[in-house]
Amino acid sequence: MTAQVLLRGRELTRRWGGLVAVDRVSLELERGSVHAVIGTNGAGKSTLINLLSGEIAPSSGEVQLLGSDVTHWPQPKRARAGLGRSYQRNTIYPSFGVIENCRLAAQARRQQPWGWWRDAARDESTLAAARDAAARAGLTALLDRPAGLLSHGQKRQLEIAMCLATAPEVLLLDEPLAGMGAEETERMLALLAELKHGHAILLVEHDMDAVFRIADRITVMVNGAVIASGTPDDVRASAEVRTAYLGDH
Amino acid sequence: MDRSKLAFVVAVFALLAAWPLAAGSYGVDLVTKIMVYAIFALSLELLVGTTGLVCFGQAAFFGIGAYAAVLLSPAEGASLVWLLPACVLAAGVYALAVGALSLRTKGVYFIMVTLAFAQMAYYVVHDTPFGGGTDGIYLTAKPSLGVLDLDRAGVLYGFTLACLAGTFVFLGLLLRSPFGRALAGIRVNEQRMRATGFSTYPYKLAAFTLSGAIAGLAGFLFAVKDGVVNPELMSWHLSGAVLVMIILGGLGHLRGALIGAFAFALLQEFFQSVAVFGAFAKHWHLGLGLTIIGCVALLPRGLIGLPARWRERLGGRAFARAALPAAEEAAR
């Protein structure tokens, strides 16, 4: 069975004045696999996610989502077409409850902006998607808690739940494990392993043990450019990666 | 809306409905004016408290509604059926144009651009003969519809009360609808809204236009009540005053706008009262200003936060500090 490529970045470049933050990066995300991007701080990983999600426009290069050229699509349009992302720093709605955080994300798919007499809190279609997303991220017991009162690990789970509530095909996850304890990390990895089925996942992560355990492909970035890309074994064996990045491990 | 909030709102509207039975003509006129301000404050609450857009030019829409009421009225008086929608529409159209341009900016720039558009409208009526210049113009005959003759103070009071109640209920429904929830999401985290798939610009523009239209309704009522309009209705002082009202009452709550409008107008009335302050009453700005500064300093969540403050005093202080703000926000 040939895997289906859901998201493709081709020769993506982003310059900030003289600085080349992302330098001719090409990568493919396939359904059913986790593609990890690793690199030191400032290697351009977050900028790459921003280029793919549409938060910033590339200086050159092309982004394809589900076969369409989406390079010039604004971020909301890409999101509606099935591109979900989470953020490195929590970007939840702290004053809303967990369920409303997820429900609002689900609403993005069915916006109904003109139903001004409808009660959003009783809208079964978005509520069902929200409950389902919260359950998959392990937050069922906390649905009514204000998101701002969750623990750090729970907020990271909520980030994923909000992503899932939009029913995306592709997930771009920016350091979902950052700041998590050992037990929380295990739970998140189990969740990612489960999400892999049916989704294409891009994982930017600093936790090397986790990356090598879960990733099907790994791309290594240094100073905005890709220096190696392949299976975890290929990357581990690569001499360039050893000198450039894993040298201190 | 939970029981206590509903009880508060019902009580307020019941009191307002009963007020003309107890009050004289001065009292009726005063509360009519305050209710107009309350509608105006509700319009701004939709932008500032709900969507997080601090508009500093709200008086322009109020003034356009008021001027439209006078300029469009024929000498023998207009029918409410078309005059009221026309005034609301005029303000809404200007808001659509202002919003379309100003919503491309954010934060302090947005504040300044909305102020600039309001000043533009202000100078058009101030410096051209088209609206009577600095003297303003008089409304010769007030609009009516059958028995609904707005020239009679009691009828105007009832009509204004109905408009206030209608606006309040409409906004209450709007805020709990998917559209309103999206506006709240934009206030809390616009970046996240875009990342989940909301094109936020059309939402903000719709809110801005709607807000301008409601301000136009308030302006219409104001012109009918006073029977005269002048450029001061579009001045930045009024834009500032309505901002102070909603901050004083408590941002993020429709009830806050209601409470704020009443508190502001009654405080102003109090400090202007010669019976209380004698000759010093002409310096009423000083007393009003200091009181508002005091209120905002002591009650950062506005007058609406007062019961929570009391509970905090009585019950476990440490617990309340930690849990209340978030829980209160969540209950919104």
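This is a predicted model: local features need pLDDT of at least 70, side-chain atom pairs count only at pLDDT 80 or more; totals for chains, interfaces and linings use all residues.
Leaving aside residues up to four places away in sequence, B:Gly256 touches B:Glu45, B:Gly49, B:Ile246, B:Gly249, B:Gly250, B:Leu251, B:Gly302 and B:Ile304. B:Arg152, by contrast, sits 30 Å from B:Gly256, C-alpha to C-alpha, and 104 residues from B:Gly256 in sequence.

Chain B also shows a pair of packed helices. Helix α6 (residues 153-176) and helix α8 (residues 200-226) of chain B have axes 11 Å apart, at an angle of about 170 degrees. Angles over 145 degrees count as roughly antiparallel, so α6(B) is roughly antiparallel to α8(B). On the α6(B) side, B:Leu156, B:Thr160, B:Cys163 and B:Thr167 take part, and they meet B:Ile214, B:Leu217, B:Leu221, B:Val224 and B:Lys225 of α8(B). Sorted by class, this contact holds 6 nonpolar, 2 polar and 1 charged residues.

Turning to the meeting of the two chains, 32 residues of chain A are in contact with 24 residues of chain B. On the side of chain A that touches chain B, α2 (75-80) and α3 (98-107) of chain A each supply at least two residues. The largest share, 4 residues, comes from α2(A). That side of chain A comprises 15 nonpolar, 11 polar and 6 charged residues.

Definitions and conventions. Residues are numbered from 1 along each chain as its sequence is written. Chains are lettered from A and ligands numbered from 1 in the order in which they are written. Two residues are in contact if their C-beta atoms, placed from the backbone, lie within 7 Å. Ala, Val, Leu, Ile, Met, Phe, Trp, Tyr, Cys and Pro count as nonpolar, Asp, Glu, Lys and Arg as charged, and the others, Gly among them, as polar. Axes are lines fitted to C-alpha atoms, for helices over the stretch in contact, and angles run from 0 to 180 degrees between N-to-C directions. Angles under 35 degrees count as roughly parallel, over 145 as roughly antiparallel, 65 to 115 as roughly perpendicular and the rest as oblique.
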